[in-house]
Amino acid sequence: MNQDVKQQEAPALDRGDTRVRHDEGLTGALNGFIDRVRSGDLGMLPVVVGLIVISAVFSSLNPVFLAPNNLVNLLFDCATVGVISLGIVCVLMLGEIDLSVGSMSGFASALVGVLWVNSGWPVAGAIAVAIVAGMAVGALYAFLYNRLGMPSFIASLAGLLAILGMQLYILGPTGSINLPYASPLVRFGQILIMPAWLSHLLALVPGLVLVVTGLATMNRRREAKLSAQPLANLIVKAALLTAALEFAVYYLNLGRGVPWMFGLFVLLAVVLNYALTRTKWGRSMFAVGGNREAARRSGINVRRIYMSAFVLCSTLAALGGVLSAARLASSSQQAGTGDVNLNAIAAAVIGGTSLFGGRGSAYSALLGIIVIQAISNGLTLLNLPSSLRYMITGGVLAIAVIVDSLARRSRVSHGRA
């Protein structure tokens, strides 16, 4: 009799235990997120919150801010500096800096104009020369750092002046070259838009990738007898991400649609993020940025990692200059000057890349440049002076660095640094 009672109670206990584990699975993600925030692992939370606040403030002051066509123009503007910011993420992750990315982008823009328009080169050849010039500058910085021990701050500061001088020299006394408006390059930078069906189809991809990679991770953890997130959590995350992206695409298609140039920027961010998180090179980047000596002792070729980061940074800066020329339909002495350096570096930092090295993401450049361009666009709509834009952007940058410093202290105190 007692044995029968025990056998009847056992399934009930199993069901109760299952319910407990299920409840923990539903709340575990939220509790884990709260714990990570308390321990200083903020991720992209500050920039997302900041973007929501900025959007709410500017839309209340001027409803045009959230109009579909205004957001399309904002995305066009994001792509040029955003591509440069992707390269800044790479050097910041190593705890270094490149102050010449603005000059490099301006010089690349000038090379395209001089070779293509003035010298009659094919546009593809002119772009290739500009990209190669960026690679050469990055290799020079890496050589000065690896072989001569010159700090990247000083090397890139000297490069800023030298490259700016070369830009002014090759443009000559005219100072500006207009690019053909009907050319594919200029059309790409100003008017080319994805078909609506294609943009909706691409918006499905991140959610599908999240599900596929999540299932693979769950299976690997279960095979290793480790805990894994419940399938329901994964499905909810993918559904929310897909719904958000599909709504964004739908809203943009109420206007002109999603720009191809912004699509290129997002593609580069996805490729760089994959390289940083899924390859040996990316793991080496995090290791060197976190502790250079420990990385060297573990067998990582530290010099090669620095070389790749500097070359990639200058190459992306050159590509950003090409896109800027396409956007403006000109190559001029003003290209790459002004606030290009500020915005490229600030975008990476505001987006969550640490100035102390070892922490960062390609998506930080994506979110950070949207924040900066949103501030610029909103102030322009309000007809406020550019001086105020500089002050606000500087303030946002200062807040981002303060948050990063406080989060780093919290991670150290919780043993997560």
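By the criterion used here, in which a side-chain nitrogen of Lys or Arg lies within 4 Å of a carboxyl oxygen of Asp or Glu, the structure contains 3 salt bridges. This is a predicted model, in which local features need pLDDT of at least 70 and side-chain atom pairs count only at pLDDT 80 or more, while totals for chains, interfaces and linings use all residues. Residues are numbered from 1 along each chain as its sequence is written, and side-chain values rest on heavy atoms, with hydrogens and water left out.

One of these salt bridges joins the side chains of D77 and R327, with an N to O distance of 3.2 Å. Because D77 belongs to helix α3 (residues 68-93) and R327 to helix α13 (residues 302-328), the pair ties together parts that are 250 residues apart in sequence; helices here are DSSP runs of H or I with at least four residues, numbered from the N terminus. D77 has a relative accessibility of 28% and counts as partly exposed, on a scale where buried means under 20% relative accessible area, exposed means over 50%, and partly exposed lies in between (1.4 Å probe, protein chains only).

In helix α12 (residues 292-297), E293 and R296 are 3 residues apart, which separates them by about one helical turn, and their side chains meet in a salt bridge at 2.4 Å, N to O. E293 also forms a salt bridge with R297, at 3.0 Å from N to O, and these two residues of helix α12 are 4 residues apart, again about one turn of the helix.

We turn now to the nonpolar interior. In soluble globular proteins, nonpolar side chains tend to be buried together. A nonpolar core is a set of buried Ala, Val, Leu, Ile, Met, Phe, Trp, Tyr and Cys residues joined through side-chain atoms within 4.5 Å, and the largest such core in this model has 96 residues, with L86, I88, M104, F265, M285 and V288 having the most contacts inside it. Helix α3 gives the most to this core, with 17 residues. Leaving aside neighbours within four places in sequence, L86 is in contact (heavy atoms within 4.5 Å) with F265, L268, A269, L272, L316, A362 and A365.
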